[in-house]
Amino acid sequence: VDRSLVLLRNYLKDHRTEQNLFNRIWLLWAACGIDGLLTADERTAAIGDLLEAQQPDGGWRLASLGAFTRRDGTPQALGSDGYATGLVLHVLQMAGVSKESEKIAGGLTWLRTNQSPTGEWRAASVNKERDPASHTGRFMSDAATAYAILALSH
């Protein structure tokens, strides 16, 4: 095994418990392709934590996946968004959760019913309030759209 991969594996394992749910999404995704990042119990726990974070409307909310504070002092967006919903659904399906399961099906329905009339999915930055028409504001919608497409493509 490549020394760099061993170092990465050790780093991720050593720091897993101190990570917020947003960071653990990425670890679960990485564990889908790299053996030894998560035990079976850790993988099951990560999946359970993500499913528990689902909002009542069927989507996920980016700001609820960590203790994010905006630099400009504005409040975090309150509703489910395409970024979190698409990312979580994509990773859960990569991790083997069936799209027929109730929570995944509910999330996919959220994506299908919350696509904007322009074709994109929207999301708000957790760093600061941004004009959705600005370059940075569009970045969030671009990312949300990419993850939504990935989630729906399974």
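Axes are lines fitted to C-alpha atoms, for helices over the stretch in contact, and the angles between them run from 0 to 180 degrees between N-to-C directions. Two packed helices are described by the angle between their axes and the distance between the axes. The structure above is a predicted model, in which local features need pLDDT of at least 70 and side-chain atom pairs count only at pLDDT 80 or more, whereas totals for chains, interfaces and linings use all residues. Residues are numbered from 1 along each chain as its sequence is written, and side-chain values use heavy atoms, with hydrogens and water left out.

Helices are DSSP runs (H or I, at least four residues) numbered from the N terminus. Helix α6 covers residues 135-152, and its end C-alpha atoms are 26 Å apart, which agrees with the 26 Å that its 18 residues should span at 1.5 Å a residue; the expected span is 1.5 Å times one less than the number of residues. Buried is used here for under 20% relative accessible area, exposed for over 50% and partly exposed for what lies in between, with a 1.4 Å probe and protein chains only. On that scale the buried residues of α6 are Gly137, Met140, Ser141, Ala143, Ala144, Thr145, Tyr147, Ala148 and Ala151, and these residues pack against α2 (21-31), α4 and α5, where contact means heavy atoms within 4.5 Å.

With helix α4 (residues 82-94), α6 packs at an angle of about 30 degrees, the axes being 7 Å apart. The two helices α4 and α6 are therefore roughly parallel to each other, since angles under 35 degrees count as roughly parallel, over 145 as roughly antiparallel, 65 to 115 as roughly perpendicular and the rest as oblique. The crossing in which α4 passes α6 is left-handed, a term for a near helix turned anticlockwise from the far one by less than a right angle, with clockwise giving right-handed. On the α4 side the residues that meet α6 are Gly82, Tyr83, Gly86, Leu87, Leu89, His90 and Gln93, and their counterparts in α6 are Met140, Ala143, Ala144, Tyr147, Ala148, Leu150 and Ala151.

Helix α5 (residues 102-113) packs with α6 at an angle of about 130 degrees, with 10 Å between the axes. This contact involves Leu108, Leu111 and Arg112 from α5, together with Ala148, Ala151 and Leu152 from α6. The pair α5 and α6 is therefore oblique, and α5 passes α6 in a left-handed crossing.

Within α6, Thr145 can be followed in more detail. Thr145 counts as buried because its relative accessibility is 15%. A polar atom of the Thr145 side chain lies 3.0 Å from the backbone nitrogen of Trp121, and a polar atom of that side chain also lies 2.8 Å from the backbone oxygen of Ser141. Polar contacts are pairs of N or O atoms within 3.5 Å; within protein, one must be able to donate a hydrogen and the other to accept it, and residues adjacent in sequence count only if both atoms are side-chain atoms. Once neighbours within four places in sequence are left aside, Thr145 is in contact with Glu120 and Trp121.

The loop between α5 and α6 holds Ser125, which is buried with a relative accessible area of 7%. The side chain of Ser125 reaches the backbone nitrogen of Asn127 at 3.0 Å, and, not counting residues up to four places away in sequence, Ser125 touches Arg70, Gln76, Arg130 and Met140.

The contact is made by Leu21, Arg24, Ile25, Leu28 and Ala31 of α2 and by Arg43, Ala46, Ile47, Asp49 and Leu50 of α3.

Helix α1 (residues 3-15) has 13 residues and reaches 18 Å from its first C-alpha to its last, close to the 18 Å expected at 1.5 Å a residue. Its N-terminal end is capped by Asp2, a side-chain oxygen of which lies 2.6 Å from the backbone nitrogen of Ser4. Lys13, also in α1, is partly exposed at a relative accessible area of 44%, and touches Gly36 and Leu37 when residues up to four places away in sequence are not counted.
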